[in-house]
Amino acid sequence: MKTPFSRILYGGDYNPNQWPREIWAQDMELFKKADINSATVNVFSWAKLQPDENTYDFSELDDIIALLSENGIDIVLATATGAMPAWMAKKYPEVTRVDFEGRRHKFGQRHNHCPNSLVWQKYAAKLAGELAKRYGSNPHVVCWHINNEYNTGCYCENCEKAFRVWLRRKYGTLEAVNAAWNTEFWGHTFYDWDEIVAPNDLSDGMGFGFTRKTAFAGISIDYDRFLSDSLLENYKMERDAIREYDKETPITTNLMGTYKGLDYFKWAKEMDIVSWDNYPAYNTPWSLTAMKHDLMRGLKDAPFMLMEQTPSQQNWQPYNSLKKPGQMRAQSYQTVAHGADTIQFFQLRRSKGACEKFHGAVIAHSGSGDTRVFKECAQLGTELKGLGDELLGAKNPAEVGIIFDWDNYWALEYTSGPNIDLKYVDQIHQYYRYFYERHLPVDMIPIDGDFSRYKVICAPVLYMVKEGVAEALERFVEAGGTLVTGMMSGIVDQSDNVHLGGYPGPLRKMCGIWAEEIDALAPEQGNTLVFGDGSWSKCSLLCDLIRLEGAEVVASYGEDFYKGTPAVTRNSFGSGTVYYVGTQPDSEGLARILDELKVEPLVRDETPLEIDKRVIDGREYWFIINLTGTPQAMPESFKGETDMLTGREVEELSGFDTVIVKR
């Protein structure tokens with residue numbers, strides 16, 4: 001799939017409205033010096049564009065777009081709806097959100113609107129249409145950027161009323177709602193639609209610091225689905241307003257990796273191209289960053305945009321370390337290696353005030369083009385310019401798929417028990433990291449994806465098994481595929497009601513086991529896995545007490561009253577195989593299990609370097625990336641080959657260096 005761009009977009013968020021106009025000309029010169037070819041503008045300009053509800057003033061934006069166009073800068077044009085103007089909150093206070101604690105917010109910050117406010121919807125749609133009417137024919141506008149980093153969390157009366165409408169469409173009758181939510185529990189039966197309220201801290205939600213639980217997971221999961229759908233309708237509303245005037249320019253909004261609040265697989269179906277903002281912390285594993293890139297690519301099974309990263313340091317994390325020399329470049333190439341066709345920053349010039357004044361930028365407060373960060377950005381810009389459009393649209397072939405599902409994300413972390421330390425993304429990442437460290441490409445896939453494309457599918461903590469999912473997995477395995485699943489899988493249906501008849505519910509026959517009980521281990525507790533040859537490794541968190549129903553034992557528990565009972569099993573099913581991992585193995589134990597899968601790595605070199613491959617039109621582009629920060633030898637598989645970036649053969653990669661080999 002070719003991306004809609006003619007070159008790799010290189011640039012980022014630009015806010016010239018924050019600066020006197022004499023700075024603008026300086027910026028254009030610095031952009032040229034750094035080979036910056038794109039700018040994202042108008043992200044938070046609603047107050048400037050619309051000083052009151054009847055007046056629009058596009059004069060400054062006209063000048064900004066004219067300046068960028070004259071200098072050959074591609075424009076990613078935002079709709080400015082990421083933060084409402086103060087007059088709207090003052091005149092129509094119902095447009096602001098009510099939070100999980102039940103507090104009505106005043107004007108302030110951003111992402112502060114109620115998604116079901118008809119007032120907000122009216123003015124947001126009108127503004128998006130006015131922008132498209134004015135700028136949609138400008139050939140330098142190459143992408144529309146709706147709103148900004150959508151996030152959920154409104155529990156107001158607007159949303160309660162809209163939630164009831166959503167429920168009527170989903171269930172049809174109150175009887176069906178009561179059955180789905182198991183409202184016989186705690187006498188919660190509803191006799192009128194108006195009795196249903198938003199599940200926040202004032203009703204069935206239960207807040208414990210940053211952990212939110214619920215008395216009725218069925219209600220809270222449906223409310224999460226509803227909020228995700230509500231904001232998606234906001235996105236579609238602005239998209240459709242743009243399409244009245246601009247039929248072709250791609251439209252996106254910037255996502256946030258594994259952000260919990262929105263079902264991104266559902267969102268991606270309405271987006272022309274996926275974009276996202278990548279902000280790892282100083283200690284984020286590179287494998288987790290890679291996993292998020294692969295998830296963003298997997299949302300549409302297509303190349304994506306990196307809409308934001310920082311050139312140097314962030315400002316909003318607890319510890320905002322500088323990126324070391326070369327680290328930004330290496331991180332950028334990791335992004336391209338996993339499917340990005342753009343590299344964009346927040347921000348191009350560092351703001352002089354407010355909460356992001358210490359957030360990194362291409363141009364620092366000094367305004368100089370002689371800083372370390374600027375020089376590194378200029379080097380990357382020159383290299384990306386040299387790559388041209390050669391890589392655009394290249395695919396990332398993979399034989400392994402890992403299921404990522406937002407319904408499971410919500411449901412698993414709402415459940416009360418068995419272990420508060422059980423986190424969805426952590427469980428997915430453990431499996432991803434195994435493949436990452438062995439140069440085995442992975443696709444992050446939806447629960448309703450095309451499983452037939454893969455040799456192996458991993459479905460860790462597949463807690464919620466909705467209608468049709470077990471049957472699809474059975475067809476995959478029967479046809480010769482290998483499925484890896486395990487603890488906390490097959491437990492509940494789409495409403496968080498337990499599949500009766502024994503765990504893992506509808507997966508039980510395929511797995512060939514019955515998990516009779518689940519033991520929860522505190523952080524100071526653990527167990528061991530004993531393999532057939534007598535070797536052992538550690539395990540933790542949860543231990544399924546397993547009875548065999550046709551499966552064979554791969555490893556047994558080494559301790560506690562269930563010592564000697566199965567912990568990891570393997571079952572033949574049709575022409576394929578199912579592995580059930582009934583605990584959380586340490587990395588050594590998980591490797592021992594997954595080594596049996598016999599998936600072919602990209603290369604067999606034992607190296608700490610990251611190695612990735614993108615393919616298009618018979619051409620292969622191999623990325624060899626040193627994310628270790630220390631010198632590393634070039635892998636044997638690539639010795640004697642030429643680096644596209646330097647035109648030279650490379651024997652050793654310095655810390656945070658990257659080599660691209662074309663074959």
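## Aromatic cluster and ring pairs

Phe100, Tyr155, Phe163, Trp166, Trp181, Phe190, Tyr223 and Phe226 form one aromatic cluster in this predicted model, where rings of Phe, Tyr and Trp (its six-membered ring) pair if their centres lie within 6.5 Å, with planes under 30 degrees apart counted as stacked, over 60 as edge-to-face and the rest as tilted. The structure holds 33 aromatic pairs. One of them joins tryptophan 46 and tryptophan 120 edge-to-face, at 6.3 Å centre to centre and 70° between the planes. Tryptophan 46 lies in helix H2 (residues 46-49) and tryptophan 120 in helix H5 (residues 118-135), so this pair ties together parts that are 74 residues apart in sequence; helices (H or I, at least four residues) and strands (E, at least two) are DSSP runs, numbered from the N terminus. Both tryptophan 46 and tryptophan 120 are buried, on a scale where buried means under 20% relative accessible area, exposed over 50%, and partly exposed in between (1.4 Å probe, protein chains only).

Phenylalanine 185 and phenylalanine 216 also form an edge-to-face pair, at 5.7 Å centre to centre with 65° between the planes. Phenylalanine 185 is partly exposed at 38% relative accessibility, whereas phenylalanine 216 is buried at 4% relative accessible area.

## The three-stranded sheet

Three strands form an open, antiparallel sheet in the order S23-S24-S27, two strands being paired if DSSP finds at least two bridges between them. Strand S23 (610-616) and strand S27 (658-662) stand at the edges with a single partner strand each, so one side of each is left without a neighbour in the sheet. Five bridges join S24 (residues 619-625) to S27, and tryptophan 622 has valine 661 in S27 as its bridge partner.

The charged end of arginine 663 sits over the ring of tryptophan 622, 5.1 Å from its centre; the criterion is NZ of Lys or CZ of Arg within 6 Å of the ring centre and within 35 degrees of the ring normal. Arginine 592 likewise has its charged end over the ring of phenylalanine 531, 4.5 Å from the centre.

## Proline 418

Proline 418 lies in the loop between helix H13 (406-414) and helix H14 (424-437), and is partly exposed, with a relative accessible area of 35%. Leaving aside neighbours within four places in sequence, proline 418 is in contact (heavy atoms within 4.5 Å) with Met488, Ile518, Ala520 and Leu542.

## Basis of the values

Residues are numbered from 1 along each chain as its sequence is written, and side-chain values use heavy atoms, with hydrogens and water left out. In this predicted model, local features need pLDDT of at least 70 and side-chain atom pairs count only at pLDDT 80 or more, while totals for chains, interfaces and linings use all residues.
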